[in-house]
Amino acid sequence: MNLPLPTVVLVDDHELFRAGVRAELEGLVDVRAEAGTVEEAASATLRERPDVVLLDVHMPGGGGVEVIRQVARTLPAQRFLALSVSDAAEDVIAVIRAGARGYVTKSISGEELADAVRRVRDGDAVFSPRLAGFVLDAFQGEIPEAEVDPELDRLTLREREVLRLIARGYQYKEIALRLSISHKTVEAHVSAVLRKLQLSNRHELSRWAVERRLID
Amino acid sequence: MSKGSLTRDTRHGWVAGVLAGIGDRIGVDPLWLRIAFVIAAIATGGLLLLAYLIAWAALPAAEGGPAPMARFGRSSRGRGDWRVAVGAGLLTLSALLAFRQLGIWWSDPIAWPLVLAAFGVALLWVRSPRRSAPPADRPAAELSPPSPSAEAPRKRVGSRLAEQYSGAFGVLLVVGAALLFLSSNHVLGGVRDAALTGVVVLVALALILAPFLWRLGRNLAAERAERIRSEERAQLAAHLHDSVLQTLTLMQKRADDPREVASLARRQERELREWLAGGGASENGGRSLDSELRAAAVAIEDDHRVAIEAIVVGDCELDARAEAVLGAAREALLNAARHSGDTGPIRVYAEIDDAGIAVFVRDRGAGFDPGAVPEDRRGVRESIVGRMQRAGGRAEIRSSPGGGTEVSIEIARESAAAKGGP
């Protein structure tokens, strides 16, 4: 547990919010740089090469998705954690599919956020309960057999179970206990779901996200 | 209003495509128009052929490119409208002469009035789109047939006067033509003369006013769009004032009560999200389990100043079973709101599919030892577990001191139970 603090670049167009997050993360992570625009974010990330970029979804000039796109040209392995006020499925799905390894809402506590940053640094995925709910919803409906890529378009029973528990507000270690599996296995399941979310061509995914906007 | 301008359909036309174009616009088979045209042309002694010629000159071809008349005007910018007008006059004159040569003729005195009227009308038409058509209104601008409208933006205020002058001149010409026509027919005299006077004056007036009315209609439409925009702005301002500003004021007053402030902020946030998402009303209008669960969460959130995060996957109608689930979930939420204390949000997760409904209500509060349930909580417990048992489902309460509480509520859907049952 004596690993060095994860290094972070904090990206948000609201200075007030950046200051708040920075204060909350004080001593938990090492904030190397802040950025308020897409360009600043891209250059700061390329300069600092942090473990994790904490990324706002809504920014002028293309938002978090654009930052990911610009950075990925040079640093395809850079890890991003999306942090947003928006709960809209559209936004969540868009930034995850662009390559973010997790999505948390801004109401998250400092400690939970630091924990999420650590997990993203370690290569795991971070799903908020709401994101888990979105994924379950998006993968719920039946689709014709012929169109299914079994590898990518379906969740396994175990993956569903894990997501369900996340949606119910369980933490990873509680899930491991509940399902009698190891913490690492829980993480492996979540990472598998993330991969499916990013790679699946399941045609409903985008359409679903847009339709969902009408309700949430 | 202008669903598409009137054009000549040269591909389907027999001569210049005028009738095919008109037929296409008003939705009538051009064949009928042609038959009607031939009959009418014979009946009017060939006068309609003249109208055809004018229409050909004035209408642009459907395939693009300006009307022949407009093309004629374009060759010299600036004074183009005069040339177009002169052209229209000459065209009319030549048509009349042709008719006369062919023997289709009534009397000489109508020739000059007709030529003058064509000249005046052409002036009015050419001028009309220039003055008011805003750049965004392009389709409408194209509606005016003889206008070299592509040049409109290049025209500057300096030409206003000339336009007004040519406009007034056009009016004078048409009126003059009408008067000339009347004086040449004066011999007829009597009642017929009076009736004819009325008709001719009306026709002249219609010719003069048509472009003006056209323009007026367009301006009205533009004004209405502007009014709708400003109304929307006012509505937005009113909404923000009633909601966000009020809440912010309230929060400043209650700054010493963090719980109240948090509750106010949360309520405002929810309202704003709903409003941004487009009204927030459930989109199918009816009562569904999804919307009712969310509504219950919102009500308890407000009453007890707690945070509740509801995640609902799937949806169903509010039948008896869903109603039981809803009631039990509400009890569980109330219970959590009363007892969990200030320990992060209460989470509701509901999953609804064809097979069944499952709802989980979880808090991270103090929890309790299920073996030593105090009396006052036994009743609550009964209202959750008992209710679900009576409805044919089940409920379970897991709790441990310090580990929070989770109530799980499950029931099979009626359709699924009917299929699987005996």
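The following questions and answers concern two parts of a predicted model, a helix pair in chain A and a sheet in chain B. Local features need pLDDT of at least 70, side-chain atom pairs count only at pLDDT 80 or more, and totals for chains, interfaces and linings use all residues. Residues are numbered from 1 along each chain as its sequence is written, with chains lettered from A and ligands numbered from 1 in the order in which they are written.

Q: At what angle do helix H2 and helix H3 of chain A pack?
A: Helices (H or I, at least four residues) and strands (E, at least two) are DSSP runs, numbered from the N terminus. Axes are lines fitted to C-alpha atoms, for helices over the stretch in contact, and angles run from 0 to 180 degrees between N-to-C directions. H2 (residues 38–48) and H3 (residues 63–74) of chain A have axes 9 Å apart and pack at an angle of about 35°.

Q: Which residues of H3(A) meet H2(A)?
A: Contact requires C-beta atoms, placed from the backbone, to lie within 7 Å. From H2(A), Val38(A), Ala41(A), Ala42(A), Thr45(A) and Leu46(A) take part. Their counterparts in H3(A) are Glu66(A), Val67(A), Gln70(A), Val71(A) and Thr74(A).

Q: Which residue in S5(B) is the bridge partner of Ala395(B)?
A: S4(B) and S5 (residues 404–412) of chain B run antiparallel, joined by seven bridges. In S5(B), the partner of Ala395(B) is Ile409(B).

How values were computed:
Contact = placed C-beta atoms within 7 Å. Pairing = 2+ DSSP bridges.
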